[in-house]
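Here is a short report on how one protein chain is put together. Please keep the model open while reading.

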Amino acid sequence: MPVRALWFDHGALFIIDQRRLPARTVVRRMTRLTEAAEAIRTLAVRGAPAIGVAAAYGMVLGHHEGRYSPGRAARLLRATRPTAVDLSVGSEVVRRAWASGGDVEAAADAYRREIVEECHRIGLAGAPLFAHAPRVLTHCNAGALATVEWGTALAPLRVARERGARIFVWVDETRPLLQGSRLTAWELARERIPHAVIADNAAGHYLSTGQVDAVIVGADRIARNGDFANKIGTYEKAVVAKENGIPFYVAAPWSTFDGGRRTGRSIPVEERSEEEVLSFAGTRVSPERSHARNPAFDVTPFRFVTAFVTPSGVVRPTALERALERRLAGRS
Ligand code: MRU
């Protein structure tokens with residue numbers, strides 16, 4: 001069974017502290033909105049759908065504290081990270097319940113259930129893509145840790161494996177914070193799913209030498225035309241996959257689709273501390289006088305995407321806008 005990244009119990013939010021994995025599985029208990037916001041900002045909880053759910057419960061904590069207005073609580077949580085649209089979606093769902101005097105905990109619970117349910121459906125919809133394409137490369141962590149349960153990119157691989165496919169996962173290490181080698185590898189190892197961690201700069205080698213059948217990644221924000229933001233380094237994997245005729249899939253729940261954004265050009269890209277690049281595992285590796293740049297995400301144009309794996313099925317980029325309209329009209 002995939003791990004559960006967070007849960008809410010007796011007025012407290014519990015998360016697995018992802019900064020400590022894989023060395024230790026530490027569960028943190030939070031009762032204040034500012035604690036939830038700090039956990040999101042520092043990547044103790046991370047991955048677009050998971051921070052959306054954490055923000056929803058952060059709103060519940062803020063409501064119980066009694067010293068925030070719904071609008072201020074939502075703004076505080078939204079300000080923690082700019083790229084993943086799920087953060088706004090999760091906090092907005094609870095803000096609305098709060099502002100109208102509704103049951104905030106029930107609203108957050110319903111949002112969590114919807115995300116978990118959608119990720120499971122992504123697994124069912126995407127699994128057939130890998131039945132005869134079992135050697136799969138992924139970037140960052142788009143597993144259960146990033147989504148509460150199941151994962152987005154990892155969900156179809158889990159279901160395909162349950163159905164008998166001999167899945168093998170190439171895991172990009174994902175510098176600078178190593179979400180691949182620390183977190184995706186941890187999830188795969190605990191479920192005994194065969195995999196190999198590769199240095200980020202090795203992906204091109206495997207993609208160009210016939211050792212990868214398909215690529216699947218998650219996303220932090222997908223524009224209406226299919227341009228999407230995901231962990232830094234995704235763009236170059238997509239370009240190399242296309243160059244080598246390898247299908248490139250993007251898996252995401254509906255909360256990651258930003259219907260208000262026509263293209264990816266205006267997606268805000270989070271810039272994180274240069275220390276994350278200049279150091280490795282807490283030890284400074286670059287000269288003291290060196291500086292760094294550290295964009296956490298890049299934007300990949302839709303033309304590099306073979307298809308989106310959504311809770312309602314596999315959708316080609318050219319059909320995305322129509323699928324989003326159908327979804328808004330409540331038809332899928
Ligand atoms: O900075 P992170 O670790 O939150 O970045 C996460 C990613 O880029 C994931 O690929 C994305 O959120 C999809 S998670 C299902």
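The report below covers the domains, the helix packing and the sheet.

## Model and domains

This is a predicted model. The protein chain is divided into two parts: domain 1 covers 6-118 and domain 2 covers 125-331. Their C-alpha centres lie 23 Å apart. Where they meet, 28 residues of domain 1 are in contact with 32 residues of domain 2.

## Helix α4 against α2

Two packed helices are described by the angle between their axes and the distance between the axes. Helix α2 spans residues 48-65, and helix α4 spans residues 86-99. Their angle is about 30 degrees, and their axes are 7 Å apart. Angles under 35 degrees count as roughly parallel, so α2 is roughly parallel to α4. The crossing of the pair is right-handed.

On the α2 side, the contact is made by A48, P49, I51, G52, A55, A56, M59, V60, G62 and H63. On the α4 side, D86, L87, G90, S91, V94, R95 and W98 take part. By class, this contact has 10 nonpolar, 5 polar and 2 charged residues.

## Helix α4 against α3

Helix α3, residues 70-78, also packs with α4. Here the angle is about 170 degrees, with the axes 9 Å apart. That makes α3 roughly antiparallel to α4.

P70, G71, A73, A74, L77 and R78 of α3 make the contact with L87, S88, S91, R95, W98 and A99 of α4. These residues divide into 7 nonpolar, 3 polar and 2 charged.

An open sheet is formed by 7 strands. Their order is β6-β5-β4-β7-β10-β14-β15, and the pairing is mixed. β6 (195-198) and β15 (313-315) stand at the edges. Each has a single partner strand, so one side of each is left without a neighbour in the sheet. From one strand to the next, the twist averages 25 degrees.

Strand β4 (residues 135-138) and strand β5 (residues 168-172) run parallel and are joined by 4 bridges. In this pair, R135 stands opposite F168 in β5.

## Helices on the sheet

Helix α8, residues 179-190, packs on the sheet and touches β4, β5 and β6. Its direction makes about 160 degrees with that of β5.

Helix α10, residues 234-243, packs on the sheet as well. This helix touches β5, β7 (214-217) and β10 (248-251). The direction of α10 makes about 140 degrees with that of β10.

Definitions and conventions. Residues are numbered from 1 along each chain as its sequence is written. This is a predicted model: local features need pLDDT of at least 70, side-chain atom pairs count only at pLDDT 80 or more; totals for chains, interfaces and linings use all residues. Side-chain values use heavy atoms; hydrogens and water are left out. Axes are lines fitted to C-alpha atoms, for helices over the stretch in contact, and angles run from 0 to 180 degrees between N-to-C directions. Helices (H or I, at least four residues) and strands (E, at least two) are DSSP runs, numbered from the N terminus. Angles under 35 degrees count as roughly parallel, over 145 as roughly antiparallel, 65 to 115 as roughly perpendicular and the rest as oblique. A crossing is left-handed if the near helix is turned anticlockwise from the far one by less than a right angle, and right-handed if clockwise. Contact means heavy atoms within 4.5 Å. Ala, Val, Leu, Ile, Met, Phe, Trp, Tyr, Cys and Pro count as nonpolar, Asp, Glu, Lys and Arg as charged, and the others, Gly among them, as polar. Two strands pair if DSSP finds at least two bridges between them. Domain bounds come from an automatic or database domain assignment.
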